[in-house]
Amino acid sequence: MKRLFFYLITIITLSIYSCSSVKEGLSPVNVYLNFKLKNNDTVFVIENKLNNNYAIDLLKERSIAVVTNNTNENSVGLKPPLYTEENWNAMNQKYRLKNTDEIWLKNTFWNQNDFKNVKIKFIKEDVFPKPFLFNEYMTEKKNEVIVFSFSEPIFYKNSEYVIFAKSETTTKKQFIQPNSIVVMKKENGKWILFQEIYDGNYY
């Protein structure tokens with residue numbers, strides 16, 4: 001009887017662990033990165049997470065922006081009924097970081113456990129090369145590598161959507177300030193890319 005009880009506990013524990021691993025593998029940021037990378041190349045990810053506040057504020061700014069004939073499609077945010085003040089206020093209340101408005105968080109980092117099936121080199125924001133200072137990546141000896149940075153995923157509209165800030169650059173360009181937010185939607189239990197909204201600043 002004790003042996004049967006032990007086996008049951010083991011099976012339940014393994015099942016919980018397995019479900020947890022699946023959920024980790026379906027992280028919307030992880031899904032997005034795998035979607036963006038069509039080959040098996042190594043990429044850089046900035047270890048420091050981006051501030052949630054950038055994504056929260058840009059979503060509202062672009063969702064209520066005046067649209068004209070000169071408005072770029074990818075600079076327009078969610079439209080009603082996807083965007084409502086009620087949904088935005090709920091997200092803002094839950095996810096806004098009230099202790100800092102700094103773009104780069106100093107004590108919250110990504111690591112390899114956050115990403116599956118992607119070859120990543122992690123580097124901190126303060127040591128990543130800057131384009132106004134000559135550095136090794138500007139030479140021909142170094143191949144150009146894609147560089148990403150992300151905020152934490154922010155769940156929106158009863159978790160039907162998830163939003164996060166993103167920066168995408170290369171080791172040659174080296175401009176790593178965020179300039180867009182990614183909107184993912186859950187369909188049939190999986191996250192898919194719904195929309196990417198830019199802030200209008202291009203580097």
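Residues are numbered from 1 along each chain as its sequence is written, and side-chain values use heavy atoms, with hydrogens and water left out. Because the model is predicted, local features need pLDDT of at least 70 and side-chain atom pairs count only at pLDDT 80 or more, while totals for chains, interfaces and linings use all residues.

I will start with the cores. A nonpolar core here is a set of buried Ala, Val, Leu, Ile, Met, Phe, Trp, Tyr and Cys residues joined through side-chain atoms within 4.5 Å. Buried means under 20% relative accessible area, exposed over 50%, and partly exposed in between, with a 1.4 Å probe and protein chains only. The largest nonpolar core has 29 residues, and Ile46, Leu59 and Ile163 are among those with the most contacts inside it. Two or more residues each come from strand 1 (43-46), helix 3 (52-63), helix 4 (85-95), strand 6 (154-156), strand 7 and strand 8. Helices (H or I, at least four residues) and strands (E, at least two) are DSSP runs, numbered from the N terminus. Helix 3 gives the largest share of this core, five residues. A second, separate core has 17 residues, including Leu37, Phe115, Phe150 and Trp191.

Next, strand 8. Residues 180-187 form this strand, and six of its eight residues are buried. Strands count as paired if DSSP finds at least two bridges between them. Strand 8 pairs antiparallel with strand 7 (residues 161-170) over six bridges, and eight bridges join strand 8, again antiparallel, to strand 9 (residues 190-198). Valine 183 stands opposite isoleucine 163 on one side of the pairing and opposite glutamine 195 in strand 9.

Now lysine 124. This residue sits in the loop between strand 4 (120-123) and strand 5 (146-150), and is partly exposed, at 37% relative accessible area.

Last, the backbone. Proline 80 and proline 81 are joined by a cis peptide bond, with omega about 5 degrees. Glutamine 174 is not a glycine, yet has a positive phi of about 70 degrees; it counts as buried, at 1% relative accessibility. Asparagine 188 also has a positive phi, near 55 degrees, but counts as exposed, at 81%. Asparagine 188 lies in the hairpin of strand 8 and strand 9, with two residues between the strands.
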